[in-house]
Amino acid sequence: MDFDLSEEQQLLKDSVDRFVREEYPLDKRQKLTASDEGFSRDNWKTMAELGWLGASLPEEYGGIGGGAVEAMVMMEGVGRGLVVEPYFATAVLGANLLLQAGSDAQKQELLPQVVSGDLMLAFAYAERQARYDLFDVEMTATKDGDGYALNGAKGVVCHAASAGRIIVSARTGGGSRDRDGITLFLVDGNAAGLSRRDYPTVDGLRASELAFDNVRVGADAVLGAVDNGLPLIEHVADQAIAGLAAEAVGCMDVLLSSTNEYLKTRSQFGQPIGKFQVIQHRMADMFIACEEARSMCYVATMRLDDPDAEQRSKAASAAKVQIGKSARLVGQQSVQLHGGMGMTDELNIGHYFKRLTVIDTMFGDQNHHLKRYAAFR
Amino acid sequence: MDLEFSDEYRAFQQDVRGFLDENLPEDIREKVTRGLRLERDDYVRWQNILSAKGWLVPGWPVEHGGTGWSAVERYIFDEENGRAGAPNVVPFGTRFVGPVIYTYGSEAQKNYYLPRILNNDDWWCQGYSEPGAGSDLASLQTRAVRDGDRYIVNGTKTWTTMAQWANMMFCLVRTSNEGKKQEGISFLLVDMNQPGVDVKPIMTIDGGQEINMVHMTDVEVPISDLVGEENMGWTYAKFLLQHERTGTAGIGNSKAQVQRLKKIAAQEKSGGIYLIDDPDFRRQVAELEIDLQALEYTDLRYLMQTVAGKPPGAESSLLKLRGTEIQQRISELLMQAVGYYAIPFVPEALEYGWNEDPIGPEGAAPLAPAYFNRRKTTIYGGTNEIQRNIIAKMVLGL
Ligand SMILES: Cc1cc2nc3c(=O)[nH]c(=O)nc-3n(C[C@H](O)[C@H](O)[C@H](O)COP(=O)(O)OP(=O)(O)OC[C@H]3O[C@@H](n4cnc5c(N)ncnc54)[C@H](O)[C@@H]3O)c2cc1C
């Protein structure tokens, strides 16, 4: 057993932390969220140059050959900095889908472009009626010549507007809530028949509603096995959850230390408010919540490579529940302990709180994962 | 013991309902129930309707424009307003400074300001908190120095709700540094339409603009706008806090929001069924409803004690505490009910009359911002930590 980072991983962490410290003060981040695209292409280039976009990809595609732990290190940094570039959508969701299911041709064509920063990705899996059920897919892909025609809609697709390729789940067989019959497709971001409604999200990122009206793709657009996309989707969802858990841990760490600092400097009734015992106990609970979240983040991360898919998914659901609980306490109480200041858009606190709130809904909220966990025997 | 109101009170309740049905403008009701942004004019329009009926300030003495209702009737009136989706009457004039003026003000102040409140001629805001004085309000630093027949005021007030719409501010200022810090505070009525008053908006985490910072530089206040005696302001401010119990729990409004939650849940799918049929969701709503009922009957028990002549004690702390915690919980469940569709941020959708297709389910757009915004309720009006301190000290003697 070992919970320490290797030397290379520590270097990666140091470089992310430095970037976040130097390039990501809140006012700069807020300017980015207000810009047209909602993030900085220059930052993206920097991330590529530093090797981060290939942190979890094999060297043959230009990556640094890391895995789940490298992804965790990166995502914790993303959380710490409230990074708005599409790192999660591209390097966690998209890259993992390609790596696990792509044909050699697909991997050789696309992964080096991901690593070099030339290709951004998005994963369109959610549908309105599905809520958090990944297998609830109504969008259809019907045979059309030697390819397919895609019809239907996907919702709240993170960073779809900047994606060169969008990976889409669609039904090639079965009924809308069947586990079989789901296939993944690689669709060009500018494909004819694909329309987007783009919007900012409450945490300052970007997402889109996608409508597919007879979007035609060739047979080589299929990613992975026809009709059997669900195991792949579930695997990547578990990776996504581990990544989000790390991001949440990064967010909570900042909230904990910022709030702790505030309690020492803010005085009322002639003493720092951190001297009031009720506040001390609250902070102690928040500290415990952060520690437990980190532990469960590690568990989910380390179980990603477990050959037993059930163990992997159980750990992911457990982490998502813990993260949800911890983030709720730490987010809400960080606002509360800052008093009026906590309610202001000017302070960092509210922005972390909002990101944590969104993370809870992504890939299933606490309620969903509690149910999923309970369903495992 | 009897859990129901008497027939007489139920008849009164029907009267109030009938009035609200007929007179609450539909657009305003819709804004309130759907969590859309209210404009200054919405409040004024509604308050003018209440004024015309003579129901704007039910709690005031009859000679100043009150209704003469009993505490029970006032309670029923508040709850019915909440249920119907009426906006809260802006409390700063009607519930805060008005009672201070008719209790401690001069005849001239009563004659001038009270009718103006009744007619919605002035928009009041509350200038208590300062950057350095929040929970510890008595440490406030804004100074008023006597200069002939006026005070010259300098200092900064903050978190001032709706100051951007206000022309008058009631203000706690320091007039003396002698003795205990509570003993050097005075209560001034400040005309905000003068050059030394600078109102700066503060954006809140939900993207809204309802609070402000108010800088005062050599602001002039005639001594005729000092309420009561100099250095006695703390007494008046405390009176205001204790005097005000009605409406703190916000039960009527919370009940209306629970109905809204159920309506949304009846349209949203979860696990292939409707959310309203999901046992986990039902359990969460049941817990919420039981919390709300426990608060409601606690509120009613206190109400009956008031009717029996027992002076109000620290009960308003309990009502504020639990009322706000429940409001926050409701806003959280509302947001969770729409799943991913809480995430899109569409500020235009918070404006009435926005008629583009919604993103996701109808009515989803305000839910996350409302959840963020509701965090304020356990901070303002004395934080919930301070309310617990009050209960511990005043009730439990700890
Ligand atoms: C949306 C909003 C609207 C407002 N509107 C107005 C308005 O119109 N007019 C006005 O005058 N003010 C207004 N306020 C200010 C409000 O009353 C103050 O924010 C509140 O009193 C807390 O003060 P503070 O913000 O300085 O926090 P602080 O007093 O600095 O408190 C920070 C934290 O420390 C805790 N704390 C402080 N002292 C103790 C203690 N002794 N024991 C335990 N915990 C303690 C608090 O509970 C809080 O969690 C508003 C605030 C908000 C958020």
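Student: How many residues of domain 2 of chain A are in contact with domain 1 of chain A?
Tutor: Contact here means heavy atoms within 4.5 Å. On that cut-off, 24 residues of domain 1 of chain A take part, and their partners in domain 2 of chain A number 18. Before we go on: this is a predicted model, where local features need pLDDT of at least 70 and side-chain atom pairs count only at pLDDT 80 or more, while totals for chains, interfaces and linings use all residues. Residues are numbered from 1 along each chain as its sequence is written, chains are lettered from A and ligands numbered from 1 in the order in which they are written, and side-chain values use heavy atoms, with hydrogens and water left out. So the count you asked for, on the domain 2 side of chain A, is 18 residues.

Student: What area is buried between domain 1 and domain 2 of chain A?
Tutor: Buried area is the accessible area (Shrake-Rupley method, 1.4 Å probe; for residues, only the protein chains shown count as cover) that two parts lose on being put together, summed over both. The bounds, 7-119 for domain 1 and 123-228 for domain 2 of chain A, come from an automatic or database domain assignment. Carbon and sulfur atoms give 63% of the buried area, which is about 1400 Å².

Student: Which residues of chain B lose the most area to chain A?
Tutor: Between the chains, 53 residues of chain B are in contact with 46 of chain A, and about 4200 Å² is buried, 57% of it given by carbon and sulfur atoms. Three residues together make up 20% of what the chain B side buries: B:Ile205, B:Tyr340 and B:Ile343.

Student: Why is the ligand site called shared?
Tutor: There are 30 residues around the ligand, with A:Arg266, B:Ser135, B:Thr161, B:Thr383 and B:Glu385 the closest; a residue belongs if one of its heavy atoms lies within 4 Å. The site is shared because the surrounding residues come from chains A and B.

Student: Which backbone lies 2.7 Å from a nitrogen atom of the ligand?
Tutor: Polar contacts are pairs of N or O atoms within 3.5 Å; within protein, one must be able to donate a hydrogen and the other to accept it, and residues adjacent in sequence count only if both atoms are side-chain atoms. For the nitrogen atom, the backbone N or O atom belongs to B:Trp159.
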